[in-house]
Amino acid sequence: MKIGILISGRGSNLKALINACEEPGFRGHIALVISNRPGAAGLDIAKAAGIPTLVIDHKEFTTRETFDAELDRALTKAGVELVCNAGFMRILTDGFVEKWRDRQLNIHPSLLPAFKGLHVHQRALDAGVRITGCTVHFVRPEMDEGPIVAQAAVPVLPGDTAETLAARILEAEHKLYPLALRLVVEGRARVVGEHVVLNDVDGTDIPAPLFMPTLQ
Ligand code: GRF
């Protein structure tokens, strides 16, 4: 399966997905990495791995529709079958999201549906939650909504700041996103009635979301 990855910055999740795709037997291949920001560090990570990159700078477009049309054109031209948002910081139009319905994944650093949007770690601390985590889900027009493929729980520890909590969650993200991507490329994660049904290797259905409290 040909994968396209959308980034805006650092690219640490991109790196985790690149590593996963390099594993023997992984059925996904990253055909293209697109950044909406010319200076995104993730572009260098992709180039170092020999993956084609493209900058589509949103500032050069007057409307979201024309920006998204260019994204779509580039992904389609590269033969992409599955889009992975990995720290992609642009809101996509409903038209783009519907075009890629059930073929676009996102990772969000909270246990959705809690703490959608921005500043999630500080908001989790302010709320006093003891457990937070990260979620990989199929993208829907509403921000940070959509059928959940996999989640990992991460503890909030005494003395945590937004930075220390973000770093702990990011470690879990780097394990969770490759795992979720593997389930999708192997056809083991299907959207049924706006929930994801996971097929175990023996073909039996197991309930989603996959809960991974012991990610270490
Ligand atoms: C991650 O925390 C991801 O969950 C969020 O943005 C951050 C991107 O980090 N959507 P990176 O660019 O993958 O390092």
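Predicted model: local features only at pLDDT ≥ 70, side-chain atom pairs only at ≥ 80, totals over all residues.

Tutor: Residues are numbered from 1 along each chain as its sequence is written, and side-chain values use heavy atoms, with hydrogens and water left out.

Student: What makes a residue part of the surroundings of the ligand, and which residues are they?

Tutor: A residue is near a molecule if one of its heavy atoms lies within 4 Å of it. The ligand is surrounded by Arg10, Gly11, Ser12, Asn13, Gly87, Ile107, Pro109, Leu170 and Glu173.

Student: How is this shell divided by class?

Tutor: The shell has three nonpolar, four polar and two charged residues. Here Ala, Val, Leu, Ile, Met, Phe, Trp, Tyr, Cys and Pro count as nonpolar, Asp, Glu, Lys and Arg as charged, and the others, Gly among them, as polar.

Student: Why is the ligand said to lie between domain 1 and domain 2?

Tutor: Domain 1 (1-100) and domain 2 (107-216) both give residues to the shell, so the ligand lies between them. The domain bounds come from an automatic or database domain assignment.

Student: What distances separate Arg10 and Ser12 from an oxygen atom of the ligand?

Tutor: A polar side-chain atom of Arg10 lies 2.5 Å from an oxygen atom of the ligand, and for a polar side-chain atom of Ser12 the distance to an oxygen atom of the ligand is also 2.5 Å. A backbone N or O atom of Ile107 lies 3.3 Å from a nitrogen atom of the ligand.

Student: What makes the pair Glu186 and Arg188 a polar contact?

Tutor: A polar contact is a pair of N or O atoms within 3.5 Å; within protein, one must be able to donate a hydrogen and the other to accept it, and residues adjacent in sequence count only if both atoms are side-chain atoms. The side chains of Glu186 and Arg188 make such a contact at 3.1 Å.

Student: Where is Glu186?

Tutor: Glu186 is in the loop between H6 and strand E8 (189-192). Helices (H or I, at least four residues) and strands (E, at least two) are DSSP runs, numbered from the N terminus.

Student: Which peptide bond is cis, and where is Pro113?

Tutor: The cis bond joins Leu112 and Pro113, with omega about 10°. Pro113 is in the loop between strand E5 (104-108) and helix H5 (120-127).
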